[in-house]
Amino acid sequence: MIAAEEVWRTYRMGPNRVDALAGVTFQVAPGDFVAICGPSGSGKSTLMSILGCLDQPTAGRYVLEGVEVQSLDDDALAVLRNRRIGFVFQTFNLLPRMTALRNVELPMIYSGLPRQARLQQALDALAAVGLAGRLEHRPNELSGGEQQRVAIARALVNRPAIILADEPTGNLDSKAGEEILQVFHRLVEGGATIVMVTHNPRIAEQAQRVIQLTDGRIVSDARMAGIRKPGPARDPESISSSARP
Amino acid sequence: MDLREAFGLALEMLAANRVRSALTMLGVVIGVAAIILLVSLGEGATAYITRELTGLGTNLLIITPGKTQTSGGFHPPVAGTVRKLTYEDAVALRRRASLLTDAVPVVLGTGKIRYQGVSRDTSVIGVTPEFQRVRNLYVEIGQFVSEEDVEGRRRVVVLGRTVKRELFGEENPLGQFVTLADSRYRVIGIMERKGVSLGFDIDDLVFIPVKSAQDLFDTDRLFEILASVRSPDEIDRAIQQVKDILMRRHGNREDFTLTSQGAILSAFTTILKILTAVLGGIAGISLLVGGIGIMNIMLVSVRERTREIGIRKAVGARRRDILGQFLLESVMLSCLGGGLGIIVGVGGAKGLSIFFTYLPTRVSLWAVLMAFGFSAAVGVFFGVYPARRAALLDPIQALRYE
């Protein structure tokens, strides 16, 4: 369970104050699949950073599984990111010199898991995203979709409370993007909680709930009716974006 | 992050930039090697001086005429002496100074020695038989100057190896007569080979009885009295005893100077210690420069890997994890460099004394340990700033860094 309550995030730029978030309040229940949608500059990324414990609110409360995040210090935030958060980025953000397996092991290296347990969990996570046959490949030997699936494996390997995905399909062609969304659906069915940020309404539709953000405020919060429909999402923007053929 | 993981990672990173790591290490290698090499040279010189000085005879006490306040060093043969030391002074010391085993009166002069048209300028030393014991310098063939030779003012001479070779070549000189300042001297012995010591060719000397030397140079003064003390522990007491005896003979005036072998030795070793420290310090500066090289390359590395740092932070690396990672890399650079520097430095020091026998070196453990410790400290000192910079990076900005 995560809860944001009147969250403000204010940046100072010289004499000016910019409210990236201006009083955001919402909750996400375990097992939910939420899309946060909005144009650029709406505060999506800032909200993502705060939910991911990379940043802290200027005012308001953010409670992650009962922990008051706004009062934590740097190291406590790091531990929280390590144990309770899994990130999936638009640009994958894998370490280029490491194999897929080593990349997935990375969070567990910092949580101090013994070698054997680490290896087993990493193998399980990679199998869960369908990459059991790609363990020893480095990121540049994998397709964009495969890289993103490695990133997802890394995100879920510590069994986080929440997986945060920031434009996870933004750098992928529509087919690979669809595959990623399939993986998300499978994870949600398995009990994972996912919050996905996107500016693309067609991608957002795939979630169970869509929160619309404009100028740092929530303008709508709607649960999607009906069952998601699989099949390629025809989206001109994601086709034109850079991705491996 | 466990230690094995951390070491593996650091090695991986250094290996990923092989040329850069090697060049960075080179600075430390040179610094450490220079420290070891120069300190070894200084230590070698100290050991050499010590060996040479103690090789001249241990427990040696040198009494020279005239009072000088400074200690150590050699006096020129004709120093501005106010009062003189005489043969009788030496005899008195031999009789009454119970702490001395020997007291040898020495007259020193230079003269032209001739044999069948070949001549050579050489130093002539007038001595008594005990000289052999006191200076640890023995005759090899024939005989040394005897008591009878001294008392009888006999014109006999013992040749140093160089003088013998120059005048006689392969010929046997024993029993032959040489001319020393217009007097004929019979050759009775040849000294053993000693070689050059402290820049002074001991083989280029001739020895004659002390009284004959006084006749030859027409003087009743001594150049010095060489005395040897029974045991090293008694040197201070022996000095006092010699002082008492000589002052009574000299009208209660201390118009002579006593120098112990130990005083000369410590004067030399003090100079060499300072020299070694200065050389080591200069080499230390080059190690410092090597450290700056490490800092430079680590700063570049932090910048290049900003995104990696962001990723690591996002998945849960704490500040100290990042700090430790980068610090480990810089320490590893400096320690690997230090290790290589030890190999180069020790090898260089050994090689130097093999190829240049006049450059004695001695590799001491403390110099090696100090150089290595210093290089490790350099790695920590110059690694902290870049590592801190990495640790304090804002993860959000680091993740966006292109």
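Residues are numbered from 1 along each chain as its sequence is written, and chains are lettered from A in the order in which they are written. In this predicted model, local features need pLDDT of at least 70 and side-chain atom pairs count only at pLDDT 80 or more, while totals for chains, interfaces and linings use all residues.

**View 1. Chain A as a whole.** Chain A has 8 helices and 10 strands. Helices (H or I, at least four residues) and strands (E, at least two) are DSSP runs, numbered from the N terminus. The radius of gyration of chain A is 18 Å, close to the 18 Å that the globule rule gives for 245 residues, so chain A is as compact as a globular protein of that length. That radius is taken over C-alpha atoms, and the globule rule is 2.2 Å times the number of residues to the power 0.38. The C-alpha atoms of chain A fill a box of roughly 50 × 45 × 35 Å along the principal axes. Of its 245 residues, 48% count as buried. A residue is buried if 20 or more other C-beta atoms lie within 10 Å of its own, exposed if 12 or fewer, and partly exposed in between, with C-beta atoms placed from the backbone. Take the contacts in chain A between residues at least 6 apart in sequence: 72% join residues at least 24 apart. Two residues are in contact if their C-beta atoms, placed from the backbone, lie within 7 Å.

**View 2. The largest nonpolar core.** This core holds 125 residues. A nonpolar core is a set of buried Ala, Val, Leu, Ile, Met, Phe, Trp, Tyr and Cys residues joined through C-beta atoms within 7 Å. Ala153(A), Val32(B), Ile35(B) and Ile36(B) touch the most other members. Helix 2 (residues 18–55) of chain B gives the largest share of this core, 14 residues. Another core, of 56 residues, lies apart from it; Ile63(B), Leu159(B), Ile202(B) and Leu216(B) are among its members. Back in the largest core, Ala153(A) contacts Val104(A), Ala125(A), Leu126(A), Ala128(A), Val129(A) and Leu131(A), leaving aside neighbours within four places in sequence.

**View 3. Where chain B meets chain A.** Here 16 residues of chain B are in contact with 19 residues of chain A. On the chain B side, the elements giving two or more residues are helix 1 (3–16), helix 10 (306–314), helix 11 (319–355) and helix 13. Helix 10 of chain B provides the largest share, 4 residues. The chain B side divides into 9 nonpolar, 1 polar and 6 charged residues. Ala, Val, Leu, Ile, Met, Phe, Trp, Tyr, Cys and Pro count as nonpolar, Asp, Glu, Lys and Arg as charged, and the others, Gly among them, as polar.

View 4. Chain B is divided into domain 1 (3–52 + 268–400) and domain 2 (102–227). These bounds come from an automatic or database domain assignment. The C-alpha centres of the two domains lie 58 Å apart. Leu393(B) sits in the loop between helix 12 (365–391) and helix 13 (395–400) of chain B. Leu393(B) counts as buried because it has 21 C-beta neighbours inside 10 Å. Not counting residues up to four places away in sequence, Leu393(B) touches Thr306(B), Ile309(B), Gly310(B) and Ala398(B). Its C-alpha atom is separated by 77 Å from that of Glu192(B), 201 residues apart along the chain.

**View 5. One side of helix 6 of chain B.** Val163(B), Lys164(B) and Leu167(B) are buried in this helix (residues 161–168). They cover an arc of only 100 degrees around the axis, so they lie on the same side of helix 6 of chain B. The arc is that of the directions from the helix axis to the C-beta atoms. The buried residues pack against several strands of chain B, including strand 2 (100–115), strand 3 (118–127) and strand 5 (156–159). Gly169(B) follows the helix, with a positive phi near 65 degrees.

**View 6. Leu226(B) in its strand.** Leu226(B) lies in strand 11 (residues 224–229) of chain B. Leu226(B) is buried, with 24 other C-beta atoms within 10 Å. Not counting residues up to four places away in sequence, Leu226(B) touches Leu60(B), Ile62(B), Val104(B), Val106(B), Val134(B) and Arg135(B).
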